[in-house]
Amino acid sequence: MPAHLAVAPAPARPVGHAAPLGAATAHSANTAFNNIAALAERVVRVPAPAPASRQHRPDYLDIDDLCGTDARMRDLLARGKRFVDRGLPVLILGETGTGKEFLARALHEYSERRAQSFVAINTASLPEHLIESELFGYQRGAFSGALPGGMKGKMQQADGGTLFLDEIGDMPYAMQTRLLRVLSEREVTPLGASQPVPIDVQLICATHQDLASAVAQGTFREDLYYRIAVGVLTLPTLRERDDKRELIARMLCDEWPGLRVDQALARVTSDALSCLLAHAWPGNLRQMRAALRYACAVTSGERLCVDDLPPELAFSPALHSSYPANRHEAPRDARIEETAYAASLASHTQYRAHDASHEPHDQERERILQALAQHRWNISAAARTLGFCRASLYRKLKQLSIPHVRDCGEALSTRHYA
């Protein structure tokens with residue numbers, strides 16, 4: 001933000017009061033003040049405009065700007081409007097990066113509560129021993145280390161507005177019981193308080209997990225599920241959407257301010273655009289935006305070409321037949337490729353033999369194995385492609401029983417992976 005320099009007028013000195021010891025004479029003081037005021041006037045008169053490249057549009061869009069011509073998204077947004085019009089709890093489902101928080105904020109801005117607070121809580125990131133105080137707040141002296149004046153919890157902060165519980169599928173089971181009571185009674189009791197405090201919130205929850213399966217496995221409360229899953233909105237993956245061209249153009253307009261949609265697309269070569277449209281986008285909108293920001297940053301010509309795209313897009317296995325590798329690219333190690341592919345098959349066979357009840361996770365498992373094989377089991381590169389951090393990908397490997405390639409030596413040496 002530009003800094004503004006303001007000079008307050010000097011207070012008038014009462015007549016007859018002597019100047020402090022060592023002070024300048026009145027004439028010299030006035031002269032110095034006039035010089036400073038004149039300098040300040042010259043500085044403030046012509047503020048430096050912000051560079052055009054920094055004037056981005058807001059990150060969160062209106063609800064009608066969240067889709068283009070995709071019929072499935074249009075229907076989903078229309079249903080979301082009807083849900084919030086009636087004050088129903090909304091549950092947003094979808095893969096990582098599909099824009100669940102974007103939709104939640106857009107629903108809040110559309111609702112009658114738009115003038116009130118929108119409070120977002122990532123329930124998966126809160127330490128388990130702090131969830132209760134963060135959600136419900138606490139009174140003065142409730143526990144050792146509490147703030148002297150107590151603290152208002154997130155639910156009280158959202159009173160009159162919208163409470164967005166992200167990744168609710170990862171909320172600890174013990175806290176689900178307290179949350180259910182708050183939603184049922186519409187009141188919250190801060191830690192150390194003797195009386196409950198009434199609250200009125202529009203509840204929006206989101207998760208990438210299959211809550212119905214979590215209920216069946218006993219890791220998510222069935223009564224809480226039916227409390228929050230009144231208006232269910234399932235966001236489609238990016239690969240299922242028909243408006244990818246429009247999304248690409250809109251994201252490019254964010255990176256190239258001042259251009260219209262048609263002008264932005266005209267600055268992309270046909271090969272690069274075909275590559276963007278054909279990519280599977282396992283990280284969905286988040287991955288697409290990161291890829292386009294990367295491409296716009298590294299491009300040096302007048303048009304964005306295939307060489308400007310991130311390596312995982314420019315050299316995607318699905319596009320090798322259409323886009324030959326750079327002639328300066330070093331040849332890939334065939335043994336590493338074979339080992340990575342064999343490890344994927346060995347892991348898949350072991351997973352199938354171990355338990356045949358993982359059908360709901362098959363799609364996610366196949367996506368992760370494909371990314372790992374594509375990047376020769378480079379965890380960092382695969383995590384970027386999937387839209388995860390390294391720690392999240394390692395958790396997924398453990399959850400889906402995918403052993404690392406280094407742990408598959410025995411299976412590979414005996415060739416039992418077929």
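**A walk through the predicted model**

The protein folds into 18 helices and 9 strands, where helices (H or I, at least four residues) and strands (E, at least two) are DSSP runs numbered from the N terminus. This is a predicted model, in which local features need pLDDT of at least 70 and side-chain atom pairs count only at pLDDT 80 or more, while totals for chains, interfaces and linings use all residues. Residues are numbered from 1 along each chain as its sequence is written, and side-chain values use heavy atoms, with hydrogens and water left out.

Let's begin with the whole protein. Of its 418 residues, 41% are buried; buried means under 20% relative accessible area, exposed over 50%, and partly exposed in between (1.4 Å probe, protein chains only). Contact means heavy atoms within 4.5 Å. Among contacts between residues at least 6 apart in sequence, 72% join residues at least 24 apart.

Now find helix α3, residues 100–110, where Lys100, Leu103, Ala104, Ala106, Leu107 and His108 are buried.

Most residues other than glycine have a negative phi. Glu167 is also buried, with a relative accessible area of 15%.

A second residue of this kind is Trp281, which has a positive phi of about 50° although it is not a glycine. Look for Trp281 in the loop between α11 (270–278) and α12. Trp281 counts as buried, because its relative accessibility is 0%.

Our last stop is Asn284 in helix α12, residues 284–298. Asn284 is buried, with a relative accessible area of 0%. What does Asn284 contact, leaving aside its neighbours within four places in sequence? Its partners are Glu95, Thr96, Gly97, Thr98, Thr237, Leu238 and Arg239.
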